[in-house]
Amino acid sequence: MTTAYISDDLWREFHLEVNMSPTELATWLREEGSRRQDIATEATEIILDVLSKPREELTDEDAALMESLVGRIRLERSEGLHPAAGDDAWRHRLMALGHDPSKDGK
């Protein structure tokens, strides 16, 4: 595997949208609620792996995942899909992507 060029824009956007730290995401993965909802999947483990890597160790595959995550999180948070307050399923879907909506606007 070769390391990928990660543009400053992608790096910034990824860390803006994936607003959970590796520790926060790992803790969430262990919580009963995330497992019960069948949201914590192998994909979330892959996200955790990418989030934990130093920038200079990211691969082309990681860069593609980063771009995809930015788009998926933005789509989930869009006006048409944004649910009423307290929608746990929506919150868990976002958290499975590494985005904690309770941090929005802070």
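How many residues does helix 5 have, and how far does helix 5 reach from its first C-alpha to its last? Helix 5 (residues 60-76) has 17 residues and reaches 24 Å. That is close to the 24 Å expected at 1.5 Å a residue, where the expected span is 1.5 Å times one less than the number of residues. Helices are DSSP runs of H or I with at least four residues, numbered from the N terminus.

The model is predicted: local features need pLDDT of at least 70, side-chain atom pairs count only at pLDDT 80 or more, and totals for chains, interfaces and linings use all residues. Residues are numbered from 1 along each chain as its sequence is written, and side-chain values use heavy atoms, with hydrogens and water left out.

Asp62, Ala63, Met66, Leu69, Val70, Ile73 and Glu76 are buried in helix 5. They cover an arc of only 155 degrees around the axis, which puts them on the same side of helix 5. The arc is taken from the directions from the helix axis to the C-beta atoms. Glu61, Glu67 and Leu75 are exposed on the other side. Buried means under 20% relative accessible area and exposed over 50% (1.4 Å probe, protein chains only). The cover over the buried residues of helix 5 includes helix 1 (8-17), helix 4 (42-52) and helix 6.

Glu76 lies in helix 5. Glu76 counts as buried because its relative accessibility is 17%. Its side chain makes a polar contact with the side chain of Arg93 (3.4 Å). A polar contact is a pair of N or O atoms within 3.5 Å; within protein, one must be able to donate a hydrogen and the other to accept it, and residues adjacent in sequence count only if both atoms are side-chain atoms.

Note on methods: Helix = DSSP H or I, 4+ residues; strand = E, 2+ residues; numbered from the N terminus. Contact = heavy atoms within 4.5 Å.
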